[in-house]
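My entries follow in the order I made them.

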Amino acid sequence: MSDFYASEEWRAFDLGHPGGADSTKKLLSMGNVTPDDRVLDLCCGAGDSLRVCAELGFDVCGVDRASVIEYARKNDPDQRYLVWELEDKGANLPFADGSLDVVLCECSLSLLEDKSSVVRDVRRVLSRGGRFLISDVYDGNPPEFKEFRLVWWEDATHALRSFIVSWIWKTGKVFPSPSCRGGRKYFLGVYEAI
Amino acid sequence: MSDVKYHEVFDLSDGELYCGLCHVPLENGPITLRYMGNDFPILMPKCPLCGLGLIPEELATGKIFDVERALEDK
């Protein structure tokens, strides 16, 4: 994953991800997530979406790299975190097969070097009918995965552009072009495990 | 008391700049730049009579240019 997203500069930026809590709530709503569901926030960052999920009463846990989790635990010690490092041998999420109902992955999948491995492992840890909720950059067509079928999506490019504008005004620096991550547009999508 | 956090503040000395229309000294005043529903307040020289504001060249060719370029990079 790019070092930029592990930098203090990025951590100091308090907007989290494009669309913020509203985007997270939209995904959770369109994914029909209920308090009975076991939810994983994949690449949870500073824990912003964990807080949203917890406030909605969901059973939620976040995973991210060790350095990020160390920061997240200081930032919000009330949430549950696990360290997860993407290794050469595969994603190996620290969960048993079929032990989760929902995996939330916001503005992160495109950053991961071995997306196919991660998507396969997300499918492994999800139960039958489990949902994979994604927000990310895209090129105009939401990504397709053989392990999932897309059941709902919407364009949210306005949220990405608003996010970039806020970044420039708050930091005074140019934001890395989203196109190098696979697209200049942004989408929210709900995928269901096949 | 206002608790506005200004993203940019112009360092204006008394009598440094005058309004070309009203011929009175400019004073630092709030200007709100609005992009896609987000407000970014800045404190810039403004005419106390007609309200015309000055955007310094450095800001126009800096952050404002970067924002415009980012928004056009669809």
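I began with helix α2 (residues 20-30) of chain A, which lies across β4 (100-106), β5 (126-138), β6 and β7 (185-193) of chain A. Helix α2 of chain A runs at about 30° to β7(A). I noted that helices (H or I, at least four residues) and strands (E, at least two) are DSSP runs, numbered from the N terminus. Axes are lines fitted to C-alpha atoms, for helices over the stretch in contact, and angles run from 0 to 180 degrees between N-to-C directions. Two residues are in contact if their C-beta atoms, placed from the backbone, lie within 7 Å.

Next I looked at helix α5 (residues 115-125) of chain A, which packs on the sheet and touches β1 (38-42), β4, β5, β6 and β7 of chain A. The direction of α5 makes about 150° with that of β5(A).

I wrote down the source. This is a predicted model, in which local features need pLDDT of at least 70 and side-chain atom pairs count only at pLDDT 80 or more, while totals for chains, interfaces and linings use all residues. Residues are numbered from 1 along each chain as its sequence is written, and chains are lettered from A and ligands numbered from 1 in the order in which they are written.

Then I traced the sheet. Seven strands of chain A form an open sheet in the order β3-β2-β1-β4-β5-β7-β6, with mixed pairing. Two strands pair if DSSP finds at least two bridges between them. The edge strands are β3 (81-83) and β6 (148-155) of chain A, each pairing on one side only. From one strand to the next, the twist averages 20°.

A:V63 has A:L82 in β3(A) as its bridge partner.

Which residues other than glycine have a positive phi? A:C43 is one, with phi near 65°, and A:C107 is another, at about 55°. Most residues other than glycine have a negative phi. A:C43 lies in the loop between β1 and α3 (48-55) of chain A, and A:C107 in the loop between β4 and α5 of chain A.

Is A:C43 buried or exposed? A:C43 counts as buried because it has 24 C-beta neighbours inside 10 Å. The cut-offs are 20 or more other C-beta atoms within 10 Å for buried, 12 or fewer for exposed, and in between for partly exposed, with C-beta atoms placed from the backbone. A:C107 also has 24 such neighbours, so A:C107 counts as buried.
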